[in-house]
Amino acid sequence: MSRRIVISGLGAVCPRATGPTALWERFSQGDAGPPSSLAERIPDAAFAKQSAQLRHMDRLGRIALAATTLAIEDAGPGNPLQTGIAFGSGYGCLPTNAEYLEGILERGGRYGNPVVFQNTVTNAATGYISMVHDLRGPTATLCSGHSAGLEALRFGCQQIEEGQAERMVVVGADTLSPMLLAGIALPEGMRVSEAACALVLEEHTRALTRGAHRHAEVLGTGHRGGSLTNQAHTLARAVRDAMHMARIEPEQLGAVFSCASGRGDFDGWAQRGLHEALGAHAAKVPVSCPKDVLGETFSTAGMLAVVLATRALDKGCALVTALGGEGSTLAVVLRGGAHD
Amino acid sequence: MSPHRVVITGLGVTAANALSADELAQALSNRHSGIRRAAPFDIEGRTYSAGVVDLPGETPDNGLDRVSKLALHAAEQALRDSGLEAQGNWREVAGVMLGTSRGPALSLEQVIRSGGDEDARRRHFGEVPFSSIARNVADQFGLGGILSTVTMACVSSSLAIGRALDEIRQGRASVMLAGGADALTLLSFSGFSVLRAMTPTVCRPFDHRRNGMVLGEGAGILVLEELNHARQRGARIHAELCGWGTAGDAHHPTSPHPEGRGLQQAMTLALRQAGLTTEQIDFVNLHGTGTPANDPAECQALRGVFGARAASVPVNSLKPYFGHTLGASGALELIGSVLGMARDFLPPTLNCEELDPKCDVDVVRGEGRAQRIDTLMSTKSAFGGANVALVARRFPETGRAAR
């Protein structure tokens with residue numbers, strides 16, 4: 001990367017875990033028992049304290065805002081004009097679009113709910129978050145399947161590299177709705193979960209100057225697409241790109257946070273992709289699968305894995321992967337935050 | 001290492017008044033609008049005009065959402081125009097970055113209409129995610145580079161183009177298909193009707209009688225290429241894409257900041273990346289939706305960035321030619337502007353007859369303007385306070401680039 005970029009703020013909101021510490025505890029202890037449901041939603045209490053003026057936000061915006069607020073509080077204040085936001089969501093506003101359409105199909109097109117309509121663009125969430133936290137730098141909303149969260153992270157890095165922002169708030173979130181659950185072909189018994197996660201990315205020297213805690217450094221990212229039948233090879237290329245950008249060899253990786261989800265096809269691609277990219281080191285490096293504990297959280301999964309990696313890392317390097325499900329793949333290489 | 005230079009080597013158009021870049025150039029010079037008084041959705045008593053695309057050879061039920069069909073047509077045109085198809089091994093590295101606002105909302109409607117028919121629900125749901133459009137394009141042409149979907153309302157394709165520019169600038173891609181698509185949907189017609197954002201008459205950007213937008217559908221896709229890659233294969237270069245910027249208003253969920261605060265920042269960032277000053281910008285293609293709030297805010301942003309020169313830099317809106325194509329508008333209107341630059345012609349803003357004093361900038365009207373321009377900016381704004389500005393310039397070696 002042309003500039004060093006660190007993660008100076010973390011925020012996560014999941015069922016049974018609010019905040020990075022609670023997330024780490026839940027992950028490291030594993031699940032004590034089966035979840036109450038195969039489709040877990042975030043309790044409304046996690047965002048109940050949000051201002052009344054935000055009552056027009058949809059659920060996606062609310063959970064994304066809750067995670068963002070945690071990350072910004074963790075990072076400390078920044079310059080609004082130099083702070084941007086990148087939001088990644090696999091399904092975005094589709095639940096809200098379905099709600100609006102169901103209303104007008106029942107009552108007629110003249111009787112659409114204008115409050116719901118303003119949330120039928122995924123960047124409504126981005127807009128609200130920008131208003132609440134006065135983020136007037138670069139803004140982007142990405143919906144590249146389950147890899148959208150890590151793609152937002154990559155975009156955030158690119159904006160800082162280009163000098164377009166000093167810091168970028170990167171957010172991933174996906175909600176669950178009956179329409180989505182009925183449409184997504186989930187294997188029998190697979191657990192899915194709502195989640196939102198946010199990171200604050202910052203140019204390294206600025207973070208150092210203001211004495212910010214540096215959770216980790218982003219060394220490299222890789223992003224590739226390809227045929228739906230050959231995602232292992234696509235993932236391998238993304239991993240190689242990320243390691244090339246990070247200027248590290250496979251042997252320098254101390255941990256992998258894999259996107260394996262319990263789905264046979266995805267898991268096969270994730271495993272074969274790692275072996276193709278890392279060679280013999282793939283059999284030696286410890287591989288964690290956060291979805292084993294947290295369930296499938298779609299675009300947020302990669303972001304949650306980044307938060308977990310920052311907790312697990314001391315001085316070593318970790319790889320985080322994501323399979324988009326629509327052909328895109330993302331890989332991110334991180335290093336523990338102690339390096340200056 | 002200095003950033004790579006990025007050039008536009010292919011243009012693909014699906015619009016109500018044109019089904020190729022050449023047809024669009026012709027339509028703009030002839031002031032031909034594709035807006036019809038027969039919108040596909042009547043919102044119970046309110047009838048609207050719209051820019052409807054007649055897609056040639058459309059197969060009604062090949063499983064793809066209409067928005068993907070619009071995108072595929074534009075992608076095919078862009079690739080043909082680029083000349084890449086006849087050349088070596090580029091597919092493995094070529095990326096796809098597409099933007100959309102409504103995405104496959106027609107398929108979502110079908111999912112809901114399917115009710116308890118599980119087979120129908122699952123069949124339509126495959127197309128429902130926003131990412132299905134980029135995936136369909138990548139699959140159709142066997143492209144194996146970066147694959148990405150942007151959903152940022154009316155700046156979607158501008159953002160996709162800007163992001164693709166950065167990927168090539170930073171040396172992480174050499175060829176990208178970038179742009180966006182949106183189809184006419186019941187969701188849009190109902191919602192914008194409820195918000196009273198659509199005109200019951202004519203779309204008149206910057207005119208004091210303006211009272212709303214006209215919706216359109218379409219797709220605009222550009223082939224962006226690293227300069228040396230284009231030169232080595234002897235590609236025809238339409239223009240150089242040299243900078244972009246995005247910024248949020250942080251002001252209101254649906255209305256623009258009255259002084260175009262975020263748009264000013266986006267324009268400033270685009271100029272900085274391009275290494276240009278406002279003095280060097282010869283023309284600005286504005287968003288110009290024809291809504292009461294949008295047009296003055298844009299003009300105010302122009303004054304904020306261009307200062308005294310805002311009164312003399314020519315500007316236009318292309319919305320009256322094919323409607324507001326939402327997520328496709330940024331790409332289609334950049335293409336229209338690049339075509340104008342190549343032909344030394346600034347297309348007029350149709351239907352703008354009595355300029356609003358709040359929009360007292362140099363709006364190109366009437367017959368259009370024969371004028372050489374060397375650099376242009378195209379700006380778009382969206383719900384959520386999102387803004388994007390793109391800067392392109394005439395490539396020094398027009399025509400076949402020297403090897």
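Predicted model: local features only at pLDDT ≥ 70, side-chain atom pairs only at ≥ 80, totals over all residues.
Two strands count as paired here if DSSP finds at least two bridges between them.

- Chain B has an open sheet of three strands, and the order reads E2-E3-E7.
- Pairing in this sheet is mixed.
- Out at the edges you'll find strand E2 (35-36) and strand E7 (215-216) of chain B, each of which pairs on one side only.
- E2(B) and strand E3 (residues 50-51) of chain B run antiparallel, and two bridges join them.

**Helices H2 and H5 in chain B**

- Helix H2 (residues 66-82) of chain B packs against helix H5 (residues 132-141) of chain B at an angle of about 45 degrees, and their axes are 9 Å apart.
- Angles under 35 degrees count as roughly parallel and 65 to 115 as roughly perpendicular, so H2(B) and H5(B) are oblique to each other.
- The crossing of H2(B) past H5(B) is right-handed.
- On the H2(B) side, the residues that meet H5(B) are Val67(B), Ser68(B), Ala71(B), Leu72(B), Ala75(B), Glu76(B) and Leu79(B).
- H5(B) answers with Ser132(B), Ile133(B), Asn136(B), Val137(B), Gln140(B) and Phe141(B).
- Sorted by class, the contact of H2(B) with H5(B) comes to eight nonpolar, four polar and one charged residues.

**Helices H6 and H12 in chain B**

- Helix H6 (residues 156-169) of chain B and helix H12 (residues 329-342) of chain B also pack, with an angle of about 70 degrees and axes 5 Å apart.
- Since 65 to 115 degrees counts as roughly perpendicular, that's the label for H6(B) relative to H12(B).
- H6(B) brings Ser157(B), Ser158(B) and Ile161(B) to the contact, while H12(B) supplies Ser329(B), Gly330(B), Ala331(B) and Leu334(B).
- By class, the contact of H6(B) with H12(B) has three nonpolar and four polar residues, and no charged residues.

**Domains in chain A**

- Chain A is divided into two pieces: domain 1 (5-209) and domain 2 (216-336).
- Taken over C-alpha atoms, the centres of domain 1 and domain 2 of chain A are 21 Å apart.
- Across the boundary in chain A, 49 residues of domain 1 are in contact with 41 residues of domain 2.

Key. Residues numbered from 1 in each chain as written. Chains lettered and ligands numbered in written order. Heavy atoms only, no water. Helix = DSSP H or I, 4+ residues; strand = E, 2+ residues; numbered from the N terminus. Axes fitted to C-alpha atoms, helices over the stretch in contact; angles between N-to-C directions. Parallel < 35°, antiparallel > 145°, perpendicular 65-115°, else oblique. Left-handed = near helix turned anticlockwise from the far one by under 90°. Contact = heavy atoms within 4.5 Å. Nonpolar A, V, L, I, M, F, W, Y, C, P; charged D, E, K, R; others polar. Domains from an automatic or database assignment.
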